[in-house]
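Open the model in your viewer and keep the selection panel at hand. The stops below go from one chain to the contact between two chains.

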Amino acid sequence: MSLMLNDFLPAAPEIFLLSMACLILIVDVYVPERYRLVTYQLSQATLVVTAILVMFLYPTESVLTFSDSFVLDRMGSVLKVFVLLMTYFAFFYSKEYLRARNLFKGEFYLLGLFAVLGMMVLISGHSLLTLYLGLELLSLALYALVALHRDSTAATEAAMKYFILAALASGILLYGISLLYGATATLDISELHSAIGSEGEGRNIVLMLGLVFVVVGIAFKLGAVPFHMWVPDLYQGAPTPVTLFIGTAPKLAGFAMLMRFLVDGMGGLRGDWGDMLVLLAILSLAVGNVVAIAQTNLKRMLGYSTIAHMGYMFLGLIAGTAAGYAASMFYIIVYALMAMGSFGMIILLSRAGFESDRLDDFRGLNERSPWYAFLMLILMLSMAGLPPFLGFWAKWSVLRELVAVDMVWLAVVSVVFSLIGLFYYIRIVRLMYFEKPTDHSAVAAPGDMRVMISTNALAILALGLYPGALMAVCISAFAI
Amino acid sequence: MVEQLVFYALSGILVFAGSMVVTVRNPIHAALFLVLSFFTTAGIWLLLDAEFLAMTLVLVYVGAVMVLFLFVIMMLDVNLVVLREGFSRYLPVGILIAVLLGLELSMVVGASQFGLDIVPAPAHHGAGYSNIEELGSVLYTVYVYPFEIASVLLLVAIVAAIALSLGEHRKNRKGQRPEEQVAVNRKDRVRLVQMAAERPDSDTP
């Protein structure tokens with residue numbers, strides 16, 4: 001067997017990203033400290049060009065290459081574009097924060113780029129081996145990013161907790177993979193699917209044990225209850241730009257991982273993993289929404305909110321139809337956009353020596369800056385799932401797919417928990433509009449940052465008014 | 001027959017070494033038992049005609065990784081008393097859970113699922129079989145993509161390690177500055193001190 005140029009073409013965005021990351025690695029060494037912006041600009045340009053390449057290669061049908069260990073399909077391409085977009089925003093928001101804290105170093109952007117590469121490998125993985133390697137590439141870069149702020153004990157502690165638990169999760173996932181390999185003697189996703197059979201004809205106890213380990217491993221990585229212990233500590237302890245990055249793009253990769261393992265690989269065992277996901281979803285919704293009420297730190301609260309949102313994302317997968325998967329994908333993209341805006345607001349309101357991550361820091365924001373209070377209002381109400389914001393359509397679409405497969409009881413349970421969740425989002429709105437500010441300093445953020453965050457929040461409002469386009473993209477991703 | 005005897009002997013030593021790794025008191029002994037377990041694993045791999053992997057295991061893990069490990073253990077002043085605190089208290093629960101886990105796992109991955117009738121023993125290759133050739137023929141063709149990703153993973157590990165250990169301490173970085181070493185004067189480094197001669201103690205020779 002030999003590799004031809006055509007075999008490399010589907011992976012052109014990944015190859016370009018890797019080459020640029022290596023180039024930036026060398027450039028960064030020779031660039032003097034005061035021109036560090038060059039590294040940042042090169043990284044951003046790399047992300048843009050990679051996104052253009054991905055869009056250029058948008059496939060009409062699934063293409064396999066590298067001995068079937070890499071797949072180029074529509075779901076992957078859509079997710080990759082959004083991963084690159086989220087990373088672009090994350091790098092943008094992080095620039096001033098890092099500069100003010102003397103953390104503006106090339107490593108932040110380099111590790112970010114390698115994490116993006118890991119996500120793209122994971123999204124395009126078509127063999128258990130590449131899926132695992134992509135996941136490890138992503139995780140390894142993220143551990144280092146969390147620990148990058150060495151002087152902060154909170155960040156170091158968060159990094160240790162994240163590293164140990166994520167390494168444990170990797171071990172569990174790997175054990176599951178080894179059992180799947182033992183049961184089916186293949187690492188290829190399609191061959192795994194045919195070995196199991198589309199209706200689970202090849203179902204046996206080894207496969208089931210492997211499935212349990214894989215689901216547990218993925219749930220660990222996504223932070224679903226009861227494997228969520230690391231999420232709040234990580235979100236609170238990591239520097240805000242890192243939290244922002246971890247809370248957005250990797251969630252899309254996590255969704256892809258679920259799809260590749262469970263739907264593409266083990267679609268025949270849908271009944272079995274569906275039940276496991278129901279359990280994970282209900283627990284995540286309950287713990288995420290109820291415990292978030294007790295938080296006083298906004299980053300920690302958003303950590304619990306992530307857990308709850310993962311629960312909603314599972315709902316579309318539980319429905320088990322193509323429309324359900326599209327709804328889940330829509331949900332996770334919308335969630336990433338909202339989380340991006342929310343953490344962006346925390347960064348915007350912070351300054352050196354003041355993190356602005358407590359709920360009290362948002363007290364009376366309306367008097368300090370009505371515009372940012374309005375943007376935060378959009379973000380919080382969208383997270384809560386109120387119309388006409390985008391978050392409403394995300395919740396509505398997963399619930400609609402649940403009702404379509406006659407799982408009304410689960411839909412009712414999740415609506416009840418979103419009503420509970422409404423409380424803590426509304427509380428921030430109350431703090432901003434109906435309380436007196438304790439801190440009267442003006443919001444000091446550079447102009448470009450103000451424009452970006454406004455675009456981010458207004459996009460949630462605009463897409464909420466016209467959700468059809470984004471939904472159509474998600475549906476077309478599962479059309480082939 | 002002989003092969004089975006060798007296999008059981010190696011496996012027995014492996015299980016013994018593995019359990020010693022987690023139970024011996026001295027971390028250096030634990031590391032040495034880990035070396036023993038690597039060595040016996042290499043022997044088992046030889047039985048499977050995987051001579052290249054067996055050699056790599058001994059060369060890389062025993063020769064490099066474990067030696068480095070020993071250095072680290074010897075340099076760190078680990079407080080054994082604190083580490084082993086509560087060992088006997090948690091031992092019964094630990095044993096109970098380990099036994100239950102072992103029973104459960106053996107029910108699933110035991111002979112009923114992976115017996116010789118279901119998964120036959122791999123056939124032996126002829127004398128001309130080369131493990132390295134077989135590995136090389138697929139490593140850079142069929143598995144080139146995972147192989148490259150693995151190499152990127154190592155690159156990220158290097159970047160991360162340097163970023164974390166040098167990171168903010170770039171100014172205190174230890175390194176040689178040849179121009180300063182050459183330009184150094186005798187009077188910068190050597191100081192002559194006048195002091196009274198001391199008489200050695202009478203009981204020392």
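What percentage of the 205 residues of chain B count as buried? Select chain B of this predicted model: 19% of its residues count as buried.

Stay with chain B and switch to a cartoon view. Followed from the N terminus, the elements of chain B run α-α-α-α-α-α-α-α-α-α.

Now show the contacts within chain B. Take those between residues at least 6 apart in sequence: 61% of them join residues at least 24 apart.

Bring chain A into view and select the residues where the two chains touch. Chain A puts 39 residues into the contact, and chain B puts in 27. Between them, chain A and chain B bury an area of about 2,900 Å², with carbon and sulfur atoms giving 76% of it.

Colored by class, the side of chain A that touches chain B shows 26 nonpolar, six polar and seven charged residues.

Last, look for polar links across the interface of chain A and chain B. Two residue pairs are in polar contact, both at pLDDT 80 or more. The count of salt bridges across this interface is zero.

How values were computed
Residues numbered from 1 in each chain as written. Chains lettered and ligands numbered in written order. Predicted model: local features only at pLDDT ≥ 70, side-chain atom pairs only at ≥ 80, totals over all residues. Heavy atoms only, no water. Helix = DSSP H or I, 4+ residues; strand = E, 2+ residues; numbered from the N terminus. Buried < 20%, exposed > 50% of the residue type's maximum accessible area, 1.4 Å probe, protein only. Contact = heavy atoms within 4.5 Å. Buried area = accessible area lost by both parts, 1.4 Å probe. Salt bridge = Lys/Arg side-chain N within 4 Å of Asp/Glu carboxyl O. Polar contact = N/O pair within 3.5 Å; in protein donor to acceptor, adjacent residues only side chain to side chain. Nonpolar A, V, L, I, M, F, W, Y, C, P; charged D, E, K, R; others polar.
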